[in-house]
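Here are my notes on the model you sent over.

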Amino acid sequence: SHTLAVSFALLLRFLVCHALNVTVTPGPVVLVTENDNLTLSCLVSQRKRTTSVLILRWFFSPLTFLIVKMGIRKRNLYGNYTYRFPQPKFHLHEKTEGEVYQLRILSVTGSDQGFYSCKVQEIRKHRDIWRITSNGTSTTQLTGKKIYSLTSLCHIS
Ligand SMILES: *[C@@H]1O[C@H](CO)[C@@H](O)[C@H](O)[C@H]1NC(C)=O
Ligand SMILES: *[C@@H]1O[C@H](CO)[C@@H](O)[C@H](O)[C@H]1NC(C)=O
């Protein structure tokens, strides 16, 4: 059980030391009004190496789909091959290299309500093979607030 304790300590050390600190702001809940533009920021810190490469993905759930992926050459790939959305709706911007990645959501509608997750993997090439050296995820919930104008209230009565 001594070796077990040592392995556990090593595992713990591995998990703690190899975790990227990923934080999505604002969060954990964002209240938006329809037609607003919203910017979510994914803050990344505690990279293992400054020479490593980050792979970043923004996901939407519960209807899980990939919004955008920033790959090895920093090319942004929007959507996946099964779900399409109007292209200009989302825009990923690297605000501070390796640290701040902003997802801009234009003209929010009710169907944009849900969970937005930023998943980051730190990868490194070792003997010609890319390996994940650490990763981290953070999520924020987008929830809407409907504004009823007086005119639409009058139409109901
Ligand atoms: C992780 O990053 C966030 C945002 O930059 C920061 O507020 C927080 O203190 C960091 N957490 C740790 C454990 O360093
Ligand atoms: C949202 O952004 C678009 C494009 O940048 C702009 O035309 C529009 O006025 C903005 N809407 C609001 C509510 O700020």
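1. Ligand 2 has a shell that divides into one nonpolar, two polar and one charged residue. The classes work like this: Ala, Val, Leu, Ile, Met, Phe, Trp, Tyr, Cys and Pro are nonpolar, Asp, Glu, Lys and Arg are charged, and the others, Gly among them, are polar. The residues in question are Asn 35, Asp 36, Asn 37 and Leu 106, where being around a ligand means having a C-beta atom, placed from the backbone, within 6 Å of it.

2. Before going on, the ground rules: this is a predicted model, in which local features need pLDDT of at least 70 and side-chain atom pairs count only at pLDDT 80 or more, while totals for chains, interfaces and linings use all residues. Residues are numbered from 1 along each chain as its sequence is written, and chains are lettered from A and ligands numbered from 1 in the order in which they are written.

3. Ligand 1 sits among Asn 21, Thr 23, Leu 43 and Ser 45. The elements giving two or more residues to that shell are β1 (21–25) and β3 (38–45). By class, the shell around ligand 1 holds one nonpolar and three polar residues, and no charged ones.

4. The overall layout is two helices and ten strands, counting DSSP runs numbered from the N terminus (helices are H or I, at least four residues; strands are E, at least two). Along the sequence the pattern reads α-β-β-β-β-β-β-β-β-β-β-α. Of the 157 residues in the chain, 14% are buried; here buried means 20 or more other C-beta atoms within 10 Å of the residue's own, exposed means 12 or fewer, and partly exposed is in between, with C-beta atoms placed from the backbone. Among contacts between residues at least 6 apart in sequence, 61% join residues at least 24 apart, a contact being two C-beta atoms, placed from the backbone, within 7 Å.

5. β1 and β3 turn up again in an open sheet of four strands, ordered β1-β3-β8-β7 with antiparallel pairing (strands pair if DSSP finds at least two bridges between them). β1 and β7 (90–96) are the edges, each with a single partner strand, so one side of each has no neighbour in the sheet. The twist from one strand to the next averages 20 degrees; strand axes are lines fitted to C-alpha atoms, with angles from 0 to 180 degrees between N-to-C directions. β7 and β8 (residues 100–105) run antiparallel and are joined by six bridges, with His 93 opposite Gln 102 in β8.

6. Which side chains lie on the covered face of β4 (residues 53–61)? They are Leu 54, Leu 56, Trp 58 and Phe 60, while Val 53, Ile 55, Arg 57, Phe 59 and Ser 61 are on the uncovered face. β4 runs antiparallel to β9 (residues 114–126), with nine bridges joining them, and Trp 58 stands opposite Cys 118 in β9. β4 also pairs in the antiparallel sense with β5 (residues 65–70), over five bridges; Phe 59 has Leu 66 as its bridge partner there. β4 and β5 make a hairpin with three residues between them.

7. Please look at the annotation here. The unreviewed UniProt entry labels residues 55–72 "transmembrane region"; positions are in the numbering used here, feature names are shortened, and such annotations may be inferred rather than shown by experiment. In the model, that span is 0% helix and 72% strand, and its end C-alpha atoms lie 6 Å apart.

8. Most residues other than glycine have a negative phi, and most peptide bonds are trans. The bond from Thr 25 to Pro 26 is cis, with omega near -10 degrees, and Pro 26 is in the loop between β1 and β2 (29–33). Ser 61 and Pro 62 are also joined by a cis peptide bond, omega about 15 degrees, with Pro 62 in the loop between β4 and β5.

9. Ser 107, in the loop between β8 and β9, has a positive phi near 45 degrees. Ser 107 is partly exposed, with 13 other C-beta atoms within 10 Å. Arg 127, in the loop between β9 and β10, has phi near 50 degrees and counts as exposed, with 5 C-beta neighbours inside 10 Å.
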